[in-house]
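Today I'm opening a new model and jotting down what I look up as I go.

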Amino acid sequence: MSTEKEQLYAVSIYTENNIGLLNRISAIFQRRHINIESLNTSPSEIEGVSKFTIVVNMNEVNIKKIIGQIEKQVEVIKAYYHSLDDIIYQISGLFKIKSELLFEERQIQNIIKESNARIVTVNKEFFVLEKSGKKEEIVTLYNKLSVFGIMQYTRSGLIAITKEEMKISELLETYSN
Amino acid sequence: METQTITNTETAKKVTERISGSEAIVRCLIAEDVKIIYGYPGGAIMPVYDELYKYQDKIHHVLTRHEQGATHAAQGFARISGQVGVAIATSGPGATNLITGIADAQIDSTPMVCITGQVPSHLLGSDAFQETDIVGISTPVTKWNCQVTKAADIPAALAKAFYIAKSGRPGPVLVDITKDAQFEEFDFVYEKCEKVRSYLPIPKTVAGSLEAAAKIINEAKKPFIIWGQGVVLSEAEQELIAVVEKAGIPAAWTILGASAIATSHPLNVGMLGMHGNYAPNKLTNECDVLIAIGMRFDDRVTGDLNKYAKQAKVIHFEIDPAEVDKNVKTDVAVLGDAKDTLAKLLPLLNANSHIDWHQQFKDLYKIEYNKVIKNDIYPTKEGLTMGEVIHQINVESKGEAAIVTDVGQHQMIACRYADFNKTKSNITSGGLGTMGFGLPAAIGAKMAAPEREVVSISGDGGYQMTIQELGTIFQQKAAVKIVVLNNEFLGMVRQWQQLFFDRRYASTEMTNPNFVAIAEGYYIKAKKVTKRSELADAVKEMMESKEAYFLEVCVEKEGNVFPMVPSGASVSDIRLE
């Protein structure tokens, strides 16, 4: 079983918006020594329902077991796992760069244009670039900019929408029956 | 007529009363029909104790000598009664002392509600005196937990706690309540919780799964049932017996499933697992269909999973979907409550007898009897065996007693040899293997079922982990019978050291105190037995006592528990010596 191929999976979990649930969910991964690649939590399309998107590198047999353990939590409404091909996702990266480079290094302006990055703010000391897309696109931009020196860099967790319908509202109705 | 109308309108309205949070806690417990709670007072829970003083005619509070004792007593209470056990404690060390019992209840699916006091909300997170993050600490070992900082939230939190603790696959919950919330006054109204959005306690049985299971069972030549505590928890004993008898299937039990079918039932073929019986372990790898009911394929039951029942089709009756395919891949999973699913299975089954298959169990039992059981129960060598003590208890109790065990060799011997004629008669720490469980759990069991004989059997090691609960027994006049099988060793570890660590008995030998004097110090009648000739009379005297009674039996120092499946080995590699 353990020889099965590992790959990146996005786990999406619909939950009640309750304090402490993040602890319960992260503990499920921790107990099994699974490193969380990225984690995002936000409100979902349903009022009072939160959505977690967690990216992990695992094989399918084990991710199914993890989903079972997550769904077992009282305040979890439903958990799913998807391969990255089954979802539409975005990651956002922020880059803080010295302002003088913007004017002195012509190439930087080309990099910004070519990568479809957006300038969020500019001041005397630094400017901030924002780039959303797949992880590879952000890493590519990082590699190009790092030649000139990056003052600060951060990347968000993966946020995802599934291609398939999730029908959480319907599910909630069955719960209340 | 007019008066009648007014009364109806009054009851239709929710009646509220302005009371404190602490009074609300006690009133919630009363509303949940809680009559006994176990606990230990302290600064952050004092307002609740003050209310308990007021309501002592409604709720009997048992002062245990340690908070761990409170949880184990609540567990013992829950396991024999099927109701929710309740333990309360103060903040900080009081709360953390509950953790062992909570962890034990979690892995053994015992319904329990723990209420802890917490420092006032304005001090939360400030490392205040006796503050711990008990919600954070207890998260991995509770079915659900929460912290309440406003009095108005107390009724809903406790209602939810009781509902979650007892519904579906039961488990422990913890509600942590700040001291200011205990003092605060609010308009109290209590409504029992009957559902929680997002929580489906009993999963729907997948359409066709029962028919598929029945087809496989009807076609089987060597079907084998293994049942666990799920049968006891859903009170499906009669349904299980009906299935076993109609289809003529030999059935074996996990340690927590013990007593669901009487020991004497001809189709009860014994205990599974590491120290289980020879036949059920061996034949797990011979059966063609393995029907698991309310059990979770614990590693102590399966041994090496790669060599476990590979030849068999596996059917799993289970309430917790996360258990399906967790350890053993199933061919058919029948989700749901065992009482319901087994009742629906019964009419789909063909009557059968499988005589040749049964004979295989009988043949292997004969081998086990001659090599192990005979020598354990009717020893001829010098030195008392643990098995003969259990046998003597059987003789006096006629298999009617509830046996509460601690953890270790004596536990395995007790579970192997105790006669169980009634369900809910084996109260033991299965999944966590908590030494110190036995004595306080016996207190809870006796208080839940005072009409039953409750015999606590411990080793000299585990007994000393919660020996202070003798004080609780004395104060509560709980007529438990306490047996300590003293071999002056941490016997199970010593057995492993003997078998796997070249007899290097590192820190397992115990120099023990005068146990009889200690019991007598708590004003409990006590006796010590060192010779076989004294045993029968002493057990008789203990069982006939109307009060608590302590019996120490000095057993052979290096007695071993066999059969044994060595850790990590296949169940069919079970050793008889």
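Before anything else I need one cut-off: a residue is buried when its relative accessible area is under 20%, and exposed when that is over 50%. I also remind myself that this is a predicted model.

**Entry 1: a covered helix**

I started with helix 2 of chain B, residues 21-31. How many of its 11 residues are buried? I get nine, so by the under 20% cut-off the helix is mostly covered. The buried ones are B:Gly21, B:Ser22, B:Glu23, B:Ala24, B:Ile25, B:Val26, B:Arg27, B:Cys28 and B:Leu29. I notice that charged residues are on that list too, B:Glu23 and B:Arg27 being two of the buried names.

Then I looked at what follows this helix. B:Asp33 comes after helix 2 of chain B and has a positive phi, near 65°. B:Asp33 does this although it is not a glycine. I found B:Asp33 in the loop between helix 2 and strand 2 (36-39) of chain B.

**Entry 2: another helix in chain B**

Next up was helix 19 of chain B, residues 438-448. Why do I call this helix largely enclosed by the rest of the structure? Because 10 of its 11 residues are buried. I wrote down the buried residues: B:Gly438, B:Leu439, B:Pro440, B:Ala441, B:Ala442, B:Ile443, B:Gly444, B:Ala445, B:Lys446 and B:Met447.

**Entry 3: nonpolar cores**

I looked for the largest nonpolar core and found 99 residues in it. Which members touch the most others? They are B:Phe224, B:Leu290, B:Ile293, B:Ile315 and B:Val553. Helix 16 of chain B (residues 355-377) gives this core its largest share, six residues. There is also a second, separate core of 47 residues, with B:Val141, B:Ala402, B:Tyr463 and B:Ala519 among them.

The peptide bond joining B:Phe562 and B:Pro563 is cis, with omega about 0°. B:Pro563 sits in the segment after strand 20 (549-554) of chain B.

B:Ser507 is not a glycine, yet its phi is positive, about 55°. I placed B:Ser507 in the loop between helix 22 (491-500) and helix 23 (515-521) of chain B. Is B:Ser507 buried or exposed? Its relative accessibility is 70%, so I count B:Ser507 as exposed.

**Entry 4: where the chains meet**

Last, I checked how chain A and chain B touch. Chain A puts 18 residues into the contact and chain B puts in 20. The area buried between the two chains is about 1,600 Å², and carbon and sulfur atoms give 50% of that. On the chain A side, A:Arg24, A:Val74 and A:Tyr175 lose the most area to chain B, together 43% of what that side buries.

I counted three salt bridges between the chains. A:Glu75 and B:Lys160 form a salt bridge through their side chains, at 3.0 Å from N to O.

Which elements of chain A give two or more residues to the side touching chain B? I listed helix 1 (21-31), helix 2 (60-72), strand 4 (76-83) and helix 6 (168-176) of chain A. Helix 2 of chain A gives the most, with four residues. By class, that side of chain A has six nonpolar, six polar and six charged residues.

Notes:
Residues numbered from 1 in each chain as written. Chains lettered and ligands numbered in written order. Predicted model: local features only at pLDDT ≥ 70, side-chain atom pairs only at ≥ 80, totals over all residues. Heavy atoms only, no water. Contact = heavy atoms within 4.5 Å. Buried area = accessible area lost by both parts, 1.4 Å probe. Salt bridge = Lys/Arg side-chain N within 4 Å of Asp/Glu carboxyl O. Buried < 20%, exposed > 50% of the residue type's maximum accessible area, 1.4 Å probe, protein only. Core = buried A, V, L, I, M, F, W, Y, C linked by side-chain atoms within 4.5 Å.
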